[in-house]
Amino acid sequence: MKKGFVFLLVLVCVLVGVSANGQKETGSEQTTNVAGPEAVVLQVFDAHAYGLEQYAEMVKKFEASHPGVKIEVQHAANDSQALLQSRVNSNDIPDVFDVESGTQARNYYEYAYNWSNDGTVLAKFKQSALDTGLDAQGNVMSLPWTFENMGLIYNKDLFAQAGITQLPQTMDELEQACIKLNAKGIPAFALASKETWVLGQVATHFMMDKSIGAKGVVEKINNGQLKFADMKNIHNLFRFLDLVMKYGVKKPLEVDWETSENKIANNQAAIIHMGDWCQSTLDSFNPAANLAFLPFPVSDKSEDATLLSSCNWTYIVNKDSKHLELAKEYEEFILSSPEGQKWMSEGVGAVPGAKTDMKIKGYLANDASAYLSDGKTNSWIHTSTPLGYYDLLGGNLQAYMIGQMSEKEVIKNLQQFWDGAK
């Protein structure tokens, strides 16, 4: 470093799970900096578990171009919401932090810098991505990370071994695929059922009505025009979970996100539910894994099978930061600079929310682009759900899977929870 300062960046990573869009939950990893007394320390909270090596390199480049500045990053891949809220409650709000777009982000807009007048910065992003960071008045209160696509991911080699030549597009076809896999001794699923956020994301596929989109569905739920019990595909959610219990790995409620991804990457299970945010982890488990997206069958109609796509994570600058201009510069750097685009495109393997010509490394993101072109995607419901949705619904679905709750009870609890949160 310049000016005679010597700084040590120590990354301590304790990864216990993810959120994606979810990002979804019981741990954190901390970046500790030993800095000189004259150093300016910028506190950053980051909820991602992917592309961490590239992120560290990006931090080094920012520090190298800013002598006397240290970036102190808390990586919180699990329980990110609880950890961030704890810091807010303690009046220890990071200078820069990321949260899920939608309901969760709006909960923090009171602390957020308003980017609306920073036209030069906003011009670097795609409008559809910027729209995910708007408040009720149309102000740009946060900047987007990447476009994320989620659905079922399947192992092509295991499908071939089971003689599955066409992807299942209906619930009946999905069950037949499970039967074929089972006949070959292949677990059909390694669903990360230990993670309430995964189960919550799974459920949103069955809430979707493509004719009105995610926004229309949420509006109808909120104004009472649509009840969960009356959703045309909601009952198939429980049929899907029955398939997971019958044809999946043993003890699915002990499967966390990392185990889920490890099993599909190493040919130990045929299907998981996750998004293209997991590309780098899949690559670390097995770079030769032959995987692709499977649009989620939710009914007896092939046209209802979709991937869900959105800019799910968004970065906020603390408007009261002691180093506001530096915080703004850092956020712009990680999201739109060539180094930031490399982190997202190559390290994470996802499409940046920023405008870019950079090639996307991830085969899942590239696979999803074909479905986007064919109209086989829709936006996300779960980012517009009330706070606490994951814990309530995910926990209830876990109880259903082990026979402690009925389908009727789960739906009733979900309706009461949503109505009470309005």
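Colleague: Before we start, what are the ground rules here?
Modeller: It's a predicted model, so local features need pLDDT of at least 70 and side-chain atom pairs count only at pLDDT 80 or more, while totals for chains, interfaces and linings use all residues. Residues are numbered from 1 along each chain as its sequence is written, and side-chain values use heavy atoms, with hydrogens and water left out.

Colleague: OK, how many salt bridges are in the whole structure?
Modeller: The search finds nine, where a salt bridge is a side-chain nitrogen of Lys or Arg within 4 Å of a carboxyl oxygen of Asp or Glu.

Colleague: Which residue does Glu57 pair with?
Modeller: Lys60, with the closest N and O atoms 3.7 Å apart. Both residues lie in helix α1 (residues 52-64), three residues apart, about one turn of the helix. Helices here are DSSP runs of H or I, at least four residues, numbered from the N terminus.

Colleague: And why does that spacing work?
Modeller: An α-helix has 3.6 residues a turn, so residues three or four places apart point the same way.

Colleague: What about Asp320?
Modeller: Asp320 bridges to Lys319, with 3.3 Å between the closest N and O atoms. Asp320 counts as exposed at 55%, whereas Lys319 is partly exposed at 37%. Elsewhere, shared partners join Asp118, Glu325 and Lys328 into one salt-bridge network.

Colleague: Switching topic: which residues of α14 are buried?
Modeller: In α14 (residues 338-348), the buried ones are Gly340, Gln341, Trp343, Met344, Ser345, Gly347 and Val348. Just after that helix, Gly349 takes a positive phi of about 80°.

Colleague: Last one, where does Leu392 sit?
Modeller: In helix α16, which covers residues 389-401. Leu392 is partly exposed, at 23% relative accessible area.

Colleague: And what is Leu392 in contact with, beyond its neighbours in sequence?
Modeller: Setting aside neighbours within four places, Leu392 is in contact (heavy atoms within 4.5 Å) with Asn413, Leu414 and Phe417. As for Gly420, which is 28 residues away along the chain, its C-alpha is 13 Å from that of Leu392.

Definitions and conventions:
Helices (H or I, at least four residues) and strands (E, at least two) are DSSP runs, numbered from the N terminus. Buried means under 20% relative accessible area, exposed over 50%, partly exposed in between (1.4 Å probe, protein chains only).
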